[in-house]
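Colleague: I would like to learn how to read a protein model. Could you take me through a few features one at a time?

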Amino acid sequence: MSFVLSLVPGPSKVNLHANYLDSPVPVSRDALEPRHFASWADWALEKGVGLDFNSTFFSHPLGENGSLTHPDEGIRAFWIEHAKCCRRIAAYFGQRLGQTCVTNHWIHDGEKEIPIDTVGPRMRLIDSLDRIFAEKIDPALACDAVESKLFGIGSESYVPGSAEFYLCYVMQHPQILLTLDAGHYHPTEVISAKISTLLCFAEKLLLHVSRPVRWDSDHVVLLDDETRQIMREIVRADALNRVYLGLDYFDASINRIIAWGTGARNARKALLAALLEPTALLKKMEAEGDRSGRLALQQEILTLPMGAVWDMYCERKGVPVGMKWVEAAKNYERKNLSGR
């Protein structure tokens, strides 16, 4: 991870899950404390990066049949306490690192077949969330976000934490951020089309930039139309200080360093392209009714030499330019990873 960060120009944050604790002995997820993540904070300070956080409700014996919507009150209380622990750890990160830690909460709860009672699990989820967020935490240290999903393996027919559910919840609790994940909607939906609407009502948003291929498959982020449009929407809305950008992708079938580096560099290239766009001029043409000129200029922009600006940015930040970073990644794999 440290090596990947050396290939990506500009400031970064690392997003941890709660099951990435560093402890010599097993720790129950409802008993996690900041001390179990102290080494992560030390590492982040050394590397000059920030930390964000995620509660981890999956891959656990008590999570097989749900978590925050579970009908068993004992199991549900276990997961509520887990989320409370995560919020305190996030506050610790914010205090240690001097920047806000964003904690994302996503649950895997759902049904493979359509259930008879679709209201009950959602009412239990409301109660769970209310209990989790009851403790007040300084928003300068940490803030919370909730993430919806359309469907998943084992929850193909019903997901209590749907887009509509969380949208309504955050509108009633404006201190909570809404998370938009590029792979958590219908295949014909794109999150770029949702950003401007939500910014009319929400103070801030959290985005999980990914690349779904027909479902939430989290492929490596490309410099594709949707990634570029996501960044355009943020820049055009003058919302760079209102949107947290997280990258949510993985591909263990290829060199992981190149996978991480490709996605992270592509996200920054898309953001750079949006920042280089003559937004003020395009808005002026639009306001004057010059739609044909607006269209022509948008197309001309596509062939402007953004790559030269990117190369100069990489050079000034001291990271490899062009394909040199791939050579460095392959050398690292031969010298370091092969030895493991």
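**Salt bridges, core and pocket**

Modeller: This is a predicted model. In it, the side chains of E189 and K194 form a salt bridge, with 2.7 Å from N to O. E189 is partly exposed, at 32% relative accessibility.

Colleague: How many salt bridges does a search of the whole structure find?

Modeller: The search finds 16. One of them joins D52 and K13, at 2.7 Å from N to O. This pair links distant parts of the chain, since D52 is in strand β2 and K13 is in strand β1, 39 residues apart. D52 is buried, with a relative accessible area of 9%, whereas K13 is partly exposed at 32%.

Colleague: Which residues are linked with R131 in a network of salt bridges?

Modeller: The network consists of E73, R76, D127 and R131. Within it, R131 and D127 meet at 3.0 Å, N to O. Both lie in helix α4, four residues apart, which is about one turn of the helix.

Colleague: How should I read a nonpolar core?

Modeller: In soluble globular proteins, nonpolar side chains tend to be buried together. Here the largest nonpolar core has 54 residues, and L129 is among those that touch the most other members. Helix α8 gives the most to this core, seven residues. A second, separate core has 23 residues, including F37 and Y92.

Colleague: And a pocket?

Modeller: Rolling a probe the size of a water molecule over the atoms shows where empty space is left. The second largest pocket holds about 410 Å³ of space. Its lining has 21 residues, with C143 and P174 among the closest to its centre. The lining divides into 13 nonpolar, two polar and six charged residues.

Definitions and conventions
Residues numbered from 1 in each chain as written. Predicted model: local features only at pLDDT ≥ 70, side-chain atom pairs only at ≥ 80, totals over all residues. Heavy atoms only, no water. Core = buried A, V, L, I, M, F, W, Y, C linked by side-chain atoms within 4.5 Å. Buried < 20%, exposed > 50% of the residue type's maximum accessible area, 1.4 Å probe, protein only. Helix = DSSP H or I, 4+ residues; strand = E, 2+ residues; numbered from the N terminus. 1 Å grid on protein atoms, 1.4 Å probe; cavity = no way out; pocket = protein on both sides within 12 Å on 5 of 7 lines; lining within 4 Å. Points joined across faces, edges and corners; volume = space filled by probe spheres on them. Nonpolar A, V, L, I, M, F, W, Y, C, P; charged D, E, K, R; others polar. Salt bridge = Lys/Arg side-chain N within 4 Å of Asp/Glu carboxyl O.
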